[in-house]
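Have the structure open as you read.

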Amino acid sequence: MSLLKACGPVALPLALLSLAVFTIAFERISFWWRWWRPPARQRDSLRRELAATPNPAAARLLLERRQRAMAFGEPVLQAAVLLAPLLGLVGTVLGLMGVLRELGPQLLLPPTSPLAGYADVLASTVVGLQLALAALALLLLNQGLRRWQRGLLDLELRQREVGP
């Protein structure tokens, strides 16, 4: 609860953004687990569907649909990479403004207030940066897996179009 207090008014947006990022993380882990998990791998299922598709245009359309499924959540992750540090900075600036108000016109530390508590104004920046780092790592990992699998599927499709 003290972290929520330390983050101030940006605590709720940061919490919602964190929830979105971690929901997408669990969904992506589930998706890629199903993609490679035997015995009914989605990848093998897609290969069979591509082999059964007589029309190259229909096969390309099928690949595009799977591409969208592989890219699920990437726009939210991109937004989190940008918004989380900004929200953290806004929280820190608001916290610093409160600290300066508390110090008064002479900027003197009240004798009853410990100095250690003033460092809490940086908590929202730390949370924002950690969230951005997690979102960026997840985004890059998902993009890499998506490009890798799409490249393999495109290669198979081109080989099929050219023939033996």
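Trp32 and Trp35 are both buried in this predicted model. Their ring centres lie 5.9 Å apart with the planes at 75°, so the pair counts as edge-to-face, the cut-off for that class being over 60 degrees.

**The aromatic residues**
- Trp32 and Trp35 sit 3 residues apart in helix H2, which means that about one helical turn separates them.
- An α-helix has 3.6 residues a turn, so residues three or four places apart point the same way.
- Across the whole structure, a search finds 5 aromatic pairs.
- A cluster linked by ring pairs takes in Phe31, Trp32, Trp35, Trp36 and Trp148.

**Helix H2 itself**
- H2 covers residues 11-36.
- With 26 residues at 1.5 Å a residue, H2 should span 38 Å, and its end C-alpha atoms, 37 Å apart, agree with that.

**Packing against helix H3**
- H3 runs over residues 42-52, and its axis is 5 Å from that of H2, at an angle of about 60°.
- The two helices, H2 and H3, are therefore oblique to each other.
- H2 brings Phe31, Arg34, Trp35 and Trp36 to the contact, while H3 brings Gln42, Arg43 and Leu46.
- Sorted by class, this contact between H2 and H3 has 4 nonpolar, 1 polar and 2 charged residues.

Notes. Residues numbered from 1 in each chain as written. Predicted model: local features only at pLDDT ≥ 70, side-chain atom pairs only at ≥ 80, totals over all residues. Heavy atoms only, no water. Axes fitted to C-alpha atoms, helices over the stretch in contact; angles between N-to-C directions. Helix = DSSP H or I, 4+ residues; strand = E, 2+ residues; numbered from the N terminus. Parallel < 35°, antiparallel > 145°, perpendicular 65-115°, else oblique. Contact = heavy atoms within 4.5 Å. Nonpolar A, V, L, I, M, F, W, Y, C, P; charged D, E, K, R; others polar. Expected span 1.5 Å × (residues − 1). Phe/Tyr/Trp six-rings, centres within 6.5 Å; stacked < 30°, edge-to-face > 60°. Buried < 20%, exposed > 50% of the residue type's maximum accessible area, 1.4 Å probe, protein only.
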